[in-house]
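Please consult the sequence and the 3D view while reading.

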Amino acid sequence: MKYLKNIDYESVQNFASLVTVQEGQVISRTIAQNDALSLTLFAFGAGEEISTHKSGGDALVIALEGKGEVTIDGKKHCLEKGDAIVMPAGHPHAVRAPEAFKMFLVVVFGK
């Protein structure tokens, strides 16, 4: 049984290149999704965003390329390649890309 999808097994890959930035769009690629966990790669065109919302799980954002802005409870945080931030469950948050931006999102859900 395979638990991950949309990614090759036993093959070295450039993780950030698994999603491609497309102007005017937010592209996502789900790697895993179940009741406990969600793993998703995102590529944002410059100026694109995911509007304010809440999640039922703690969400870890890891910046892979470019620059992104994560807003949590109204406070803006700027991320660059290699930076990470946790968006706590139940808190309003949003993600915006002032320039082309790629990120990996890990959401962990409790019981």
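Does L4 count as buried, partly exposed or exposed? L4 counts as partly exposed, because its relative accessibility is 36%; buried means under 20% relative accessible area, exposed over 50%, and partly exposed in between (1.4 Å probe, protein chains only).

## Basis of the model

This is a predicted model, in which local features need pLDDT of at least 70 and side-chain atom pairs count only at pLDDT 80 or more, while totals for chains, interfaces and linings use all residues. Residues are numbered from 1 along each chain as its sequence is written, and side-chain values use heavy atoms, with hydrogens and water left out.

Strand β8 covers residues 101–109; strands are DSSP runs of E with at least two residues, numbered from the N terminus. Because 7 of its 9 residues are buried, β8 is largely enclosed by the rest of the structure.

Strand β2 (residues 37–44) pairs with β8 in the antiparallel sense over 8 bridges, where pairing requires that DSSP finds at least two bridges between two strands. Here L39 stands opposite V106 in β8. Strand β4 (residues 57–72) also runs antiparallel to β8, joined by 9 bridges, and E65 stands opposite K102 in β8.

## The loop residue E48

E48 lies in the loop between β2 and β3 (49–53). With 24% relative accessibility, E48 counts as partly exposed. Leaving aside residues up to four places away in sequence, E48 touches G24, Q25, V26, V95, R96 and A97, contact meaning heavy atoms within 4.5 Å. The C-alpha atoms of E48 and V86 are separated by 20 Å, and these residues are 38 residues apart along the chain.

Note on methods: Helices (H or I, at least four residues) and strands (E, at least two) are DSSP runs, numbered from the N terminus.
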